[in-house]
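Student: I would like to learn how to read strand pairing and a chain contact. Can we work through a case?

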Amino acid sequence: MALTTAEILNIAKLARLHVEESELADYQQDLSAILGFVEQMEQVNVDGVEPMAHPQDMSQSLREDVVTESDQRERFQSIAPATANGLYLVPKVIE
Amino acid sequence: MHNLTLAQQLQALAAGEFSSVELTQHYINRIESHQDSLNAFITFTPERALEEAQKADQRSTDKPLLNGIPLALKDIFCTQGVKTSCASKMLDNFIAPYDATVVTKLQQAGAVSLGKTNMDEFAMGSSSESSYYGDVKNPWDLSRVPGGSSGGSAVAVSARLASASMGTDTGGSIRQPAAFCGITGLKPTYGRVSRYGMIAYASSLDQAGPFGVSALDCAYLLQATAGHDAKDSTSVDQPVDEYTANINEDIRGLRIGLPEEFFQEGLDADIRAKIDAACDQLRELGCVIKPISLPNAKLAIAAYYVIAPAECSSNLSRFDGVRFGYRCEDPVDLADLYSRSRSEAFGPEVKRRIMVGAYALSAGYYDAYYLRAQKIRRLISEDYQKAFTEVDVVLSPTTPTTAFKTNEKVDDPITMYLSDIYTIGVNLAGLPGISIPVGFSQKLPVGMQMVSTYFAEDTLLRIAHQFQQHTDWHLQTPAEFE
């Protein structure tokens, strides 16, 4: 399963990771090897098998739709890199 | 004091032979002496530990289960007001604003917290070599790895730097380091222990569990931490057994299965010999041993290395330089903020797994990779369920080798992945598993794994306890740490 550099760059974009030119070859090699390795999964017939997402097939437990949390914005924002007026600061998005 | 088991320490504390402050100070001294050579800790909290120890000593009545016992916690559990780094540059500046449920429960049990232990970055690894804070060393041989990802927690017990410790296990990260370090480690059933406040790697596989000198010690920690938690919607509302009270219940007649797939030609002869000897001991204790088959076991590693990276790519998307953790300098725009913050702060293995995961979940590949892996997961789980109609416990070596040398496997991710062969299917199936020491091969510990069906941790603990009443592998410590 040999990945092209274009594919590596596309995956990086999906994952919001930056890949330097110098790193491309290593990623190609490692990811191709890993994806090649997992191709063993083709060996078995999985027709009619239900996928398993939770070990005991539990589904989401529900609760009453009432407010149980308190406003702790200051506490949680105190560890943020940049805030102002209770908002998180990021580089400008809208032109 | 450090050569007593946790159970013995509880008795000694109750009898007034020493105080929690004395015990805690003793461990503090040992941690200080050995931190440079072992690198087991990321954050050491001696003042806080002594304060908690004093409080424990002052409790005269209604002493909780672990009153005054000094513990170490893998740096993956959020500890309020204390740095919680997950061994990553991404969280090097992160002071957790709240406590994980495991932490709260241990506090309520009266335990003392010595500090946060070193690990593989974001729990991704089998050697504790990928930490931002440097490698952890194996006390049995400082040129070798302690295993991972919970290496620091395993070393804390193996080198007697704490009475016991907590780790996490997603593909073997408690059991494998327990085997490499010659101690007992337990991964509970998925959903047995709350994951609230435990930094997520693969949400359908992660589980917190104890390391101890003995199975009984692990039983104490499991007793204190197990139970339903409304804040973790994957935690199961199942009553918590009296693991410590019931540990002496009879094991005669319990049926143990040896999967033929795990005992083939390639298995190291010396490890095989130790497992065979342990099986003889179990037969003497009244257990019945028979061959079984887990036909899809060979696909477990492949399925895991699709599912776990897929889930990690989702879980680690929260690290974006916006609300907490590392932020790159002078981001040009939002895309730059995200990609540079993440790339500058995540290590290579973490980035590899995020990329594999993103690929496996992407349009056009989801069915071939992620969905197929989830189907194989069901087949593996069904293999175990079928086995449990014939036996009570599935037994195998914990690892194919003893502890390997530092840097031996870092260049080839797949070689590292293959060391998880016996442990990984257990996480896919969500079953409980324990590793106990059963001997040495060329002076390095050999571990044996036992797996039982859902919520049957008591079966594992009882068998392990009886084995440990008749053998003393679990009491061995490396000479320098006696």
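Tutor: Start with pairing. Two strands pair if DSSP finds at least two bridges between them. Keep in mind that this is a predicted model.

Student: Which residue of β11(B) is the bridge partner of Pro397(B)?

Tutor: Met448(B) is the partner. Pro397(B) belongs to strand β9 of chain B, residues 393-397. In total, 5 bridges join β9(B) to β11(B), and the two run antiparallel.

Student: How many bridges join β10(B) to β11(B)?

Tutor: There are 8, again in an antiparallel arrangement. Strand β10 covers residues 433-441 of chain B. One of the pairs is Ile434(B) with Met450(B) of β11(B).

Student: What lies between β10(B) and β11(B)?

Tutor: A turn of 2 residues, so look for a hairpin by the definition of paired strands. Gln442(B) sits in that turn, with a positive phi of about 50°.

Student: Why is β11(B) described as largely enclosed?

Tutor: Count neighbours. A residue is buried if 20 or more other C-beta atoms lie within 10 Å of its own. By that cut-off, 8 of the 9 residues in β11(B), residues 444-452, are buried, so the rest of the structure largely encloses the strand.

Student: Now the chain contact. How many residues does each chain give?

Tutor: Chain A gives 38 residues and chain B gives 52. On the chain A side, the elements giving two or more residues are α1 (5-14), α2 (21-38) and α3 (73-77). The largest share, 8 residues, comes from α2(A).

Student: What is the class make-up of that side of chain A?

Tutor: It has 28 nonpolar, 6 polar and 4 charged residues.

Conventions:
Residues numbered from 1 in each chain as written. Chains lettered and ligands numbered in written order. Predicted model: local features only at pLDDT ≥ 70, side-chain atom pairs only at ≥ 80, totals over all residues. Buried ≥ 20, exposed ≤ 12 C-beta atoms within 10 Å, placed from the backbone. Helix = DSSP H or I, 4+ residues; strand = E, 2+ residues; numbered from the N terminus. Contact = placed C-beta atoms within 7 Å. Nonpolar A, V, L, I, M, F, W, Y, C, P; charged D, E, K, R; others polar.
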